[in-house]
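Here is a friendly walk through one protein model, written for someone who likes to know the cut-offs behind each term. Have the viewer ready and follow along.

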Amino acid sequence: MSKNLVIVESPAKAKTIEGYLGKDFTVKSSYGHVRDLPGKGMAIDIENGFKPTYEISADKVKLVNELKQLAKSSDEVWLATDDDREGESISWHLKEALGLADNTKRIVFREITKKAILNAITAPRTINVDLVNAQQARRILDRLIGFELSPVLWSKVRKGLSAGRVQSVAVRIIVEREKEINAFDSKSSFKIVALFKLEGGKVLQAELPKNFEQEADAKAFLERCIKAIFKIKNLETKPAKKSPAPPFTTSTLQQEASRKLGFSVAGTMSVAQKLYEAGKISYMRTDSTNLSEEAVQKAVDAITTSYGANYVQTRVYKTKNENAQEAHEAIRPTDFSVTTAGSDPKEKRLYELIWKRAIASQMSDAQLERTTATISISTTPEDLIAQGEVIKFDGFLKVYLEGKDDEDDEENSKMLPPLNIGQVLNLDILKATERFSRPPARFTEASLVKALEEKGIGRPSTYAPTISTIIKREYVVKEDREGKERSFKEIILKDDKISEKVGKENFGAEKQKLFPTSTGMVVTDFLVENFKEVVDFKFTADMEDEFDEIASGKVEWATMIDGFYKGFHQNIEDSKGLDRSTVGGGRELGVDPATGKKISVRLGKFGPYVQLGDTKDEDKPIFVNLKKDQLVSSLTYEDALALLEQPKLPREVGFFEDKPMVIGIGKLGPYVKHDDKFTSLGTADDPYYISEERTIELILEKRQAEVNDAIGEFEGLPITSGKGRFGPYIKHNGKFISLGKGDNLETLTIERATELVINKRNSEANKFIKEFPENDTVKVLNGMYGPYIQIGKRNVKIPKDKVAAELTLEECLKLGEEAPEPKKGGRKK
């Protein structure tokens, strides 16, 4: 047995480190946390200084026992989890679970290279209890808030809801932006642009520095320019420079990977984790922009070798966050001479981004020359302006330029053609184009991370899980939305004649943006009104500062939590008196002109809906679900009437081939059902108003597509192929059949496809022991662990004294009634 046991939290990390240490070291993984608060109950003793009760996770019991045995048989145990609060907490829980001594050696490193690992072995320390307490305080506070506040949401808003400290604030940021957008009043103005023809076929574009708010003023300006002489009044050239952005922190990496690579925040961290564990980059959870002297020198050597000494300009970046640990480093390559790394395309793209950003941070400024040309108009006092720039020395731009979130922020980098003061210009066209002011942009994952960081909410390790959680809990959706069409006016001066025309443009289209759901809106409004501190930006940021104080040993963790809990718990008690009817988004919109009944909009168990009538009325109320892009908080009386007047789904639109065509909406969106086959509607097709002709067209299009994709025929029906969420498949007579391990869609023959169909049929025949024609929801099936009864979506165990093939329908139903409901276990940590 090895003399030394090293424990890390990841198997990939263990594999890399074991390659650097000698035969005297065994490296094992804990696979993350081994202990946590139990899934059920609060598990916090409030009366005893908020003492938590931890338990070993059920799926980690075997692993912990194995690690205990290894620890007992080793001379020395080294805890080598990540160098942050989460990593310190994992090491502390390992020490407690394995029964290790308080002086157990703890080693830390910021990159997984041989040099870093061997250096860490020579400088061990013990577990930093202050860092553990900071992480413990965060965990306990989040449990207290979730455990006490979630039941309030269940009773006052809707069952199944939950609240989290940072998550609720993140949702509030998105909700408030949506309210700004809904309240925004777009105003139009007219932008003036002139195009001048120059010698050699070149064109000079110039603009009026101001827009005209009124169409009449824009037209009057163009009229004044008829027969005008346009002349270069002044040329001004100024030197300028651009400097590189600092190396990546966690948040800036997440933002830039989203902008440039289209990665989600969670996806970025997953890929970065793999690069770190493979020893390719430094630790990816950091809020420092600092580079070590050694790293800077390696960057200088790489820049000098690749681009020359004149491209070198070393810099020391100061991190904006005053609580950032400058002893830590920014995210950087472990070897600057390696320009590409990673085992798959995503890893390679992210590594290249990190390498470029880190290298560029130590490169020279880009030297520019910006020119402004002022153009006079002989018939009016206004001047036109043309601007351009020339790169005199590219510097860091040779490698990298930072992306931007602002959709309107377009850098003008056009070069101006040669011009002279006094030069008379030949006007080709002068346009006044109607433009509309834009509301604030909705958040992407990247811009939300930026907003959280700017407000001091959360820390590098919390951004990705926060965004994943609010999407998973359906407080927020991340999706594309189509824009709308609008008209705009253009007034044109050409050849001394003015003309007008109306154009069309698409506006408001969104790509991978974060939208609040009605649930997110209602819960946020409820929390803001009744639990202001929980969703207050400054309060949440101050709490992060207090965690930092605990980490530095300046504040006792239980004292910090006690200061928050007293007021919070009193708020919980006070909320019990709230009238449920005033919560949950219930809002009366008006009276239906046809029936005289009340119209209201509400948030229910299955989402937001419009209600016509009252539950106290003699007639049952009518309920209609809101559309995807409609919200409880902003739905108008007119919107509600339109929903109530639209046709009900499912609806029959006509007959085709003597069989009905039925339109409905399922989990995957709107569809038409015909001959027991489903065809998805197109994105432009409205399920409520689609015509019979268009429906037939969709059915025929799908049939033709299946013929085109068909491998061949079997029993008079086509065998088609495709790729789904579980991989490639073939389809025959409405059944989907997965390909075997050695099969490939590119080379699959009709003979092999037929064999797969027959195999699937035989497999299913063996699966069914007994079916009941009078009740097709009940079946007796063969399973992996023996026969069982399936009743709808429930599986019922068959007692040992019963013969599966002899069971009657009545016996199956009785066993189903007697069987206990399936347990709903706590979420695994």
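Which residues line the second largest cavity? Ser 162, Ala 163, Ser 168, Val 171, Tyr 475, Gly 520, Val 523, Thr 524 and Leu 527 do.

## Ground rules

This is a predicted model, so to speak of local features a pLDDT of at least 70 is needed, side-chain atom pairs count only at pLDDT 80 or more, and totals for chains, interfaces and linings use all residues. Residues are numbered from 1 along each chain as its sequence is written, and side-chain values use heavy atoms, with hydrogens and water left out.

## The overall picture

The protein has 20 helices and 34 strands. Both are DSSP runs numbered from the N terminus: helices are H or I with at least four residues, strands are E with at least two. Along its principal axes, the C-alpha trace spans about 105 × 80 × 70 Å.

Of the 829 residues in the protein, 45% are buried. Here buried means under 20% relative accessible area, exposed means over 50%, and partly exposed is in between, using a 1.4 Å probe and protein chains only.

## Inside the cavity

Back to that lining. A cavity is a set of points, on a 1 Å grid over the protein atoms alone, where a 1.4 Å probe fits but cannot get out; lining residues have an atom within 4 Å of a point.

H14 gives the most, with 4 residues. By type, the lining of the second largest cavity divides into 5 nonpolar, 4 polar and no charged residues. In this scheme Ala, Val, Leu, Ile, Met, Phe, Trp, Tyr, Cys and Pro are nonpolar, Asp, Glu, Lys and Arg are charged, and the others, Gly among them, are polar.

## A parallel sheet

Four strands form an open sheet in the order E2-E1-E7-E8, with parallel pairing. Its edge strands are E2 (25-29) and E8 (105-106), each pairing on one side only. Strands count as paired if DSSP finds at least two bridges between them.

Strand E7 (residues 76-79) runs parallel to E8 and is joined to it by 2 bridges. Across this pairing, Trp 78 stands opposite Lys 105 in E8.

## A hairpin with a salt bridge

Strands E19 and E20 pair in the antiparallel sense over 4 bridges, and Arg 587 stands opposite Val 601 in E20. The two strands form a hairpin with 6 residues between them, and Gly 596 in the turn has a positive phi of about 80°.

Lys 598 lies in strand E20 (residues 598-604) and Glu 588 in strand E19 (residues 587-591), so the pair ties together parts that are 10 residues apart in sequence. Lys 598 is partly exposed, at 35% relative accessible area, while Glu 588 is exposed at 53%.

## Other salt bridges

How many salt bridges are there by this rule? The count comes to 63, where a salt bridge is a side-chain nitrogen of Lys or Arg within 4 Å of a carboxyl oxygen of Asp or Glu. Arg 85, Arg 459, Asp 545 and Asp 548 are linked in a network of them.

The side chains of Glu 510 and Arg 442 form another salt bridge, at 2.8 Å from N to O. Glu 510 sits in strand E18 (residues 510-516) and Arg 442 in the loop between strand E14 (424-436) and helix H12 (445-454), so this pair connects parts 68 residues apart in sequence. Glu 510 is buried at 13% relative accessible area, and Arg 442 is buried at 15%. In the salt bridge of Asp 394 with Lys 398, the closest N and O atoms are 3.5 Å apart; Asp 394 is partly exposed at 22%, and Lys 398 is partly exposed at 44%.

## Cysteines

The search of the whole structure finds 0 disulfides, a disulfide being a pair of cysteine sulfur atoms within 2.5 Å. Cys 225 is buried at 1% relative accessible area, and Cys 812 is buried at 0%.

Conventions
1 Å grid on protein atoms, 1.4 Å probe; cavity = no way out; pocket = protein on both sides within 12 Å on 5 of 7 lines; lining within 4 Å.
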